[in-house]
Amino acid sequence: MNSKVKIAILCALVLAILYFYTNRDAKSAPEKVIVKPTAVDLGLPSGLLWASHNIGATVPEEPGGYFAWGEIKSKRLYSRDTYKYYRTDSLSDGYTKYCHMSSRGYKGYTDTLSTLEMCDDVANVQLGGNWRIPTKEDWLELCRHCKQECCEINGLKGCKVTGPNGNSIFFPFAGSCYDNSVLTHHLTEYPKRMGNYGEYWSSSLCGGWTVNVWCADFSSPYGFSVTESVNRNFGLSVRPVCSAE
């Protein structure tokens, strides 16, 4: 076997290894058994019911899964390159859905969608019925009408939110993911240590902006507020809501 053939085989082998590891990281994380949450009535004016725990969790204090906005499975790598609705090639790069700016769209793509469709709503896909991710307005209602208290459950930090009727739910400070790790100063080595921060998706895109999405921003000792600063490629927690039957 001459040297040119050996070099060609070696190059092919290196490319195959790189392809394997790159795609392995982008694949969905192992699936967990879905534990359906309890729908909790907090006595809100709208009558909206909030889930007792996050998607992917089994009890209120668990962080559960992390999801990019509009994706229905957790994964190992959260970035623009692994995002479901972002495409890049030799001709163009940009978003392919929920895009209001031609400068951000793939080949100038735009649409008028500003709220997640049910097929892209992980809460509805996993739980069915009328379960869904809260809208910006749902989070604002929760913030305006409920008491907030930063506390711990079984040694895990989070925020207890108590409604006008005295019922409450707990939001763990689960942090948020980008690339293949939870961002620093957030959740690390669960359940040994919990951070002092957490972010939860809404289903609402930020007005005419394409990249960012409204979310609930939790931090200790302040509780939570509704913010528009989170990039849709990040992996955040999801707390479902549903309407009363």
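**Salt bridges, and then a strand**

Modeller: Let's begin with Glu117, which is partly exposed at a relative accessible area of 33%. On this scale, buried means under 20% relative accessible area, exposed means over 50%, and partly exposed is in between (1.4 Å probe, protein chains only). Before we go on, please keep in mind that this is a predicted model, where local features need pLDDT of at least 70 and side-chain atom pairs count only at pLDDT 80 or more, while totals for chains, interfaces and linings use all residues. Residues are numbered from 1 along each chain as its sequence is written, and side-chain values use heavy atoms, with hydrogens and water left out.

Now to the partner of Glu117. Its side chain meets that of Lys97 in a salt bridge, 2.8 Å from N to O. The term stands for a side-chain nitrogen of Lys or Arg within 4 Å of a carboxyl oxygen of Asp or Glu. Here is the general idea: side chains of opposite charge can pair when their charged atoms come close.

Lys97 is buried, with a relative accessible area of 14%, and Asp120 also forms a salt bridge with it, the closest N and O atoms being 2.8 Å apart. Asp120 and Lys97 both lie in the loop between E4 and H2, so the pair ties together parts that are 23 residues apart in sequence. Like Lys97, Asp120 is buried.

The salt bridge of Glu117 and Lys97 links distant parts of the chain too: both residues are in the loop between strand E4 (93-95) and helix H2 (122-127), and they are 20 residues apart. Helices (H or I, at least four residues) and strands (E, at least two) are DSSP runs, numbered from the N terminus. Taking one step back, Lys84, Lys97, Glu117 and Asp120 are linked in a network of salt bridges.

The count for the structure comes to six salt bridges. Another one of them joins the side chains of Arg87 and Asp89, at 3.6 Å from N to O. Arg87 counts as partly exposed at 44% relative accessibility, and so does Asp89 at 30%.

For a contrasting view, look at strand E11 (residues 212-219). Eight of its eight residues are buried, so E11 is largely enclosed by the rest of the structure. In a regular strand the side chains alternate between the two faces of the sheet. Both faces of E11 are covered: Asn212, Trp214, Ala216 and Phe218 are buried on one side, and Val213, Cys215, Asp217 and Ser219 on the other.

E11 also has neighbours to pair with; two strands pair if DSSP finds at least two bridges between them. Strand E10 (residues 197-205) runs antiparallel to E11 and is joined to it by six bridges. Trp201 has Cys215 in E11 as its bridge partner. In the hairpin of E10 and E11, six residues sit between the strands, and Gly207 takes a positive phi near 45°. With strand E12 (residues 223-231), E11 pairs in the antiparallel sense over seven bridges. Ser225 in E12 is the bridge partner of Asp217, and a hairpin joins E11 to E12 through three residues.
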